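Reader: I am new to protein models and would like to learn how to read one. Could you take me through it step by step?

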Amino acid sequence: MIEPSYPHRMAAHCESGTLTGLFNHAGLAISEPMLFGIAGGIFFGYLRPRGLPFPTFVVRSRPGSLRKHAVARLGLRCETRTFRREDDGMRALDRLLDRGVPVGAQVDFFHMEYLPEYERVHFNAHFVTLVGRSNGHYLVSDVYHPRIARLPFESLRRARFAKGEFAARGRLFRPLAVPPTVPWESAIRAGIRSAAFAMTRLPFPFLGVRGIRLFARKVQEWPRLARDEDHLSHEVMSIHVILEDRGTGGAGFRFMYASFLQEASRVLSDPDLAEAARGMMENGDRWREISLFVARIGQRRDLGPARLRELGDMILERADDEERLFGRLLRKFPRQGIFSRFGVRL
Amino acid sequence: MSASATPELKAEIKSLVLETLNVTGVSPEEIDDSVSLFEQPALGLDSIDVLEIVVALQKRYGVHIDDQNLARTVIRSVETIAEFVATERAKTSA
C-alpha cells in the first residue's frame, strides 16, 4: 500500500488527539480540547497502587474513558473490539487497513520504536491510529511524532498484546457514523457536569478536590517513604513530569480544560463559561508554578521540611481554587439524578 | 508563526533568557538568533530551563505556551521565540 492520505497532526495528548484525528477524518469537526471537555476528561486522584513502591497521582480520567463518554455524548456510532487470540487481532486490523480504513489502537508505549529510546516506558494505555501497511511495516499516526511513522509488524503485535495493568487485548476502535445533527449543547453540559461532579462530590478522600488536599498533606510525609535523598528528589521531580511532560496539554490538563471552557462559552453563548475559562487558565498557571517549584527544589536537593510545607501549601491553594471553580460549574449544570427529582440537591 | 519579530524584540528575549536562566558572563550579543538554544554551550539548556523560559515569557508578554509539543517548537532559538511572541501579540491586538 502506498503512503496513505490520512491527515496526520501532532496533539497535546495521545487519547484525545487520536480520537480527534479519527473523528475529524470521519467528518466531525471537533477540536482536541472540545473532545476532552465533552468526555469529562479532567480529574485528580492521589493513589498508592498495589505493586508500586511510591504514591503517585493522576490528572485525568481513566484511560479509555474519553472514547466511551465522547462517543455516547456526541451520538456517534463507533466500533470497538478486543481479541483473545493475537492472530485474530492482527488479521482484523489488516482487513480494515487493506480497505483503506484508519483504525485507532491501544498499545504499549514502549514498543513505539520511532520515538526516542529515553522517552519509551512500558505503559499499556498509549493510543495511536494505524493508517496503512507496507513492506513488513505498519504506518502509524502517533500524535507525539511529527510525521506518519513506520513500525515493524512484530513490534505492533507485541505493543497490542502486552500483558499487565491496562492490558489492551488488541483493542481497536473506529467511528462508523456521525449523526446528521450533533447535540453539541447537551454534550457540553453533560461533560462539564460529570467533570465537576467527579472533582467535588465523589465521596472518597483520595479523589477530586479531596484528593488534591490529601496530596498536599501526604507530600510532606514523602521523606519517610523515600530510600534516600536521591530517591526523594526523583519522586518530587516526577510531580513536574506528571503535570507537564506526559502529554497533559500543560499544567495537568488544566490549560486544555480552559480552552474547552472558552470554546464552550462560544457554542452556548454563555459568558459565565468564558469567566470560568479565565479562572481555569489562572489555576493552570499556578499548577505550572508548582511544576517549576518541584523541578527547582528537586534539582537542588532542597527538600527539607520547610520546602515541602511550602509545596503542600501551594497544592492546598489549588484544591481551594478548584473547589470554587468546579463547584460553580456544578451549580450551573446540576446533576439530574434520582435525588434531584425529589428536590434534594447533592 | 507569521508576524515578523523586530531586532528589539529579539534583543529583549535574549536578555530575558539570560536573566531567567541566571547565566552570568555571557552578553546578549553572544547569543546567535538562529542557532538552537540547546546547542549554545554557554546556556546548556535542559527541559526545566525550557519551562522556566515558558513561565518568564508568559509573565513578560502574557503569551501562553500550553503543552510540551508547542514548547519544543517555540523554545528552539531566539528567532522562533520572537516570532511566536510577535504572532501572539498581533492576535491579541487584532
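**Reading charges, helices and confidence**

Reader: Which side chain does A:D321 meet in a salt bridge?

Author: The idea is to look for a side-chain nitrogen of Lys or Arg within 4 Å of a carboxyl oxygen of Asp or Glu. Here A:D321 pairs with A:R324, at 2.3 Å from N to O. The two residues are three apart in helix α12 of chain A, so about one helical turn separates them. A:R324 is partly exposed too, at 46% relative accessibility.

Reader: Which residues are joined into one network by salt bridges that share partners?

Author: Those are A:E86, A:D87, A:E154 and A:R157.

Reader: How many salt bridges are found over all chains?

Author: The search of the whole structure gives 28. One to look at is A:R213 with A:D320, whose closest N and O atoms are 2.9 Å apart. A:R213 belongs to helix α7 of chain A and A:D320 to helix α12 of chain A, so this pair ties together parts 107 residues apart in sequence.

Reader: What about A:E322 and A:R254: how do their side chains meet?

Author: They form a salt bridge, at 2.9 Å from N to O. A:E322 sits in helix α12 of chain A and A:R254 in helix α10 (residues 254-267) of chain A, so the pair links parts 68 residues apart in sequence. To classify a residue as buried, check that its relative accessible area is under 20%. A:E322 has 0% and counts as buried, and A:R254 is buried at 1%.

Reader: Which residues gather in a patch of positive charge on the surface?

Author: Look for A:R201, A:R210, A:R328 and A:R331. A:R331 lies in helix α12 (residues 305-332) of chain A. The exposed class starts over 50%, so A:R331 counts as exposed at 52% relative accessibility.

Reader: How far apart are A:G208 and A:G45 in sequence and in space?

Author: Sequence and space are two separate things to check. A:G208 and A:G45 are 163 residues apart in sequence, and 6.0 Å apart in space from C-alpha to C-alpha. A:G208 is part of helix α7 (residues 208-218) of chain A, and A:G208 is buried, with a relative accessible area of 0%.

Reader: Which element of chain A has the lowest mean pLDDT?

Author: Helix α13 (residues 338-341) of chain A has the lowest, at 54, while α7(A) has the highest, at 98. Where pLDDT is low, the predicted coordinates should not be read in detail. For chain A the mean pLDDT is 93, with 96% of its residues at 70 or more.

Reader: What is the mean pLDDT of chain B?

Author: The mean is 86, and 96% of the residues of chain B reach 70 or more.

Reader: What ipTM and pTM does the predictor give the complex?

Author: The predictor gives an ipTM of 0.79 and a pTM of 0.89.

Notes: Residues numbered from 1 in each chain as written. Chains lettered and ligands numbered in written order. Predicted model: local features only at pLDDT ≥ 70, side-chain atom pairs only at ≥ 80, totals over all residues. Heavy atoms only, no water. Patch = residues over 30% accessible without salt bridge, like charges linked within 9 Å, V, L, I, M, F, W, Y side chains within 5 Å. Areas by Shrake-Rupley, 256 points an atom, 1.4 Å probe, with all protein chains shown as cover. Lys, Arg positive; Asp, Glu negative; His and termini not counted. Charge placed at Lys NZ, Arg CZ, Asp CG, Glu CD. Helix = DSSP H or I, 4+ residues; strand = E, 2+ residues; numbered from the N terminus. Buried < 20%, exposed > 50% of the residue type's maximum accessible area, 1.4 Å probe, protein only. pLDDT = per-residue confidence, 0-100.
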